[in-house]
Amino acid sequence: TLLTPKTFNSTSRDEQIIRDMGVDLVVAGDMPHLSIGSIRAVACGYPIPLAKYRLKTFAERFRRLIEEKKFDVVQFEMLHAGQYLPVLRRSSLNRDTPSILIQHNIDSIVWTRLCRNASSPLRKLGAFIQSLEFRRLERRLCPMFDLCVCMSEQDAERLGRIAPDVRIEIVPNGVDLEYFRPREDEVRWNRIVYVGSMDWYPNEDAVLYFYERIWPIIRGEIPDAEFYVVGQYPGPRVKALDSMDGVHVTGLVDDIRPYVASAAVFIVPLRIGGGTRLKILEALAMGKAVVSSGIGCEGLDLTDGEDLIVADGPEEFAGWVIRLMRDEAERERLARSGRKKVVNRFGWDRMAEEMLRIYADLA
């Protein structure tokens, strides 16, 4: 059974795909937003991203669901959902049902990095306050779950330092190897691509940073270079880049694979983030050469110089992108090694086996 609020980008097609999988989908009516109740929560020290998900209709539907049916395990996806754990513990039917919290990243770390890279004192202060509030919540709430699942050893260590009493297992992110595979599309040697949902600030920051600090170096060496920004809901600052200096901002697309396949280099210049990046695994599965920042590929068991290139300074990052655009043999070497690593270690079947083991152990 999947219980979820209806978000602004949900579609009836999404719902049908999930139901066709044999999942009992229950959609709570309200959409995440800052209500009077959530504003009160912020005033009481709750992080703003979580306060938006304090939804009365969702909580009531969850309460009814766990009084109607006995479950073997209840899984909460990130702290946004994890804040509803007390509702489960008040259930007469499911109060003792094992609970899992899936931590795709450690939110306090994400906000600490956002604070470090914020462009104004006000943004720095806001991000700093949010990081403290997330850390307080992680310390209090995470040990209340029967198990927390992290995506990487680094995140497991961080969460363990924040909440020493928490029980943690590591199940890395995976990739659909049937869907993301090499294609026969023509590769444009002068084309670079970045993929990410542009309403997630770390992605917006990565695009703007790349354009302002790295892109001028690349265009100075390769004047006809093209940079494709692929992802839904670009904000005004990213939209403004469209058609400037060889930049193309696509917005939402039906399928990212043709854009990835046609690019010579897949870039991940992230400065903010946590967890692990699915986009890197997807690009490697498609046989693409990847240049990433250290934060961008953090937590993935990949080898610099063998499976991808890790570069952090603007000059170093630009230098590697230029070299790979010009050197087809080097691109293909990285692509072969990267795809082999993903196939051997990151297929969804492996991740599923681990999760099924965890469910069985808990139940």
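Me: Is Asn190 buried or exposed in this predicted model?
Reply: Buried means under 20% relative accessible area, and exposed means over 50%. Asn190 lies in strand E7, residues 188–195. Its relative accessible area is 11%, so Asn190 is buried.

Me: Which backbone oxygen does the side chain of Asn190 reach?
Reply: Leaving aside residues up to four places away in sequence, Asn190 touches Asp224, Ala225, Glu226 and Met325. At 2.8 Å, the side chain of Asn190 reaches the backbone oxygen of Asp224.

Me: How are H14 and H15 oriented to each other?
Reply: The axes of helix H14 (residues 314–326) and H15 come within 5 Å. They cross at roughly 105°. Angles from 65 to 115 degrees count as roughly perpendicular. H14 is therefore roughly perpendicular to H15.

Me: How many charged residues are in the contact of H14 with H15?
Reply: From H14, the contact has Arg323, Leu324, Met325 and Arg326; from H15, it has Glu328, Glu330, Arg331 and Leu334. By class, three are nonpolar and none is polar, which leaves the charged residues at five.

Me: At roughly what angle do the axes of H13 and H15 cross?
Reply: Helix H13 spans residues 278–285 and helix H15 spans residues 328–345. H13 passes H15 in a left-handed crossing. The two helices are therefore roughly perpendicular to each other. Their axes come within 8 Å and cross at roughly 115°.

Me: How many nonpolar residues does the contact of H13 with H15 have?
Reply: Leu281, Leu284 and Ala285 of H13 meet Gly338, Arg339 and Val342 of H15. One residue of this contact is polar and one is charged, while the nonpolar residues number four.

Notes:
Residues numbered from 1 in each chain as written. Predicted model: local features only at pLDDT ≥ 70, side-chain atom pairs only at ≥ 80, totals over all residues. Heavy atoms only, no water. Axes fitted to C-alpha atoms, helices over the stretch in contact; angles between N-to-C directions. Helix = DSSP H or I, 4+ residues; strand = E, 2+ residues; numbered from the N terminus. Parallel < 35°, antiparallel > 145°, perpendicular 65-115°, else oblique. Left-handed = near helix turned anticlockwise from the far one by under 90°. Contact = heavy atoms within 4.5 Å. Nonpolar A, V, L, I, M, F, W, Y, C, P; charged D, E, K, R; others polar. Buried < 20%, exposed > 50% of the residue type's maximum accessible area, 1.4 Å probe, protein only. Polar contact = N/O pair within 3.5 Å; in protein donor to acceptor, adjacent residues only side chain to side chain.
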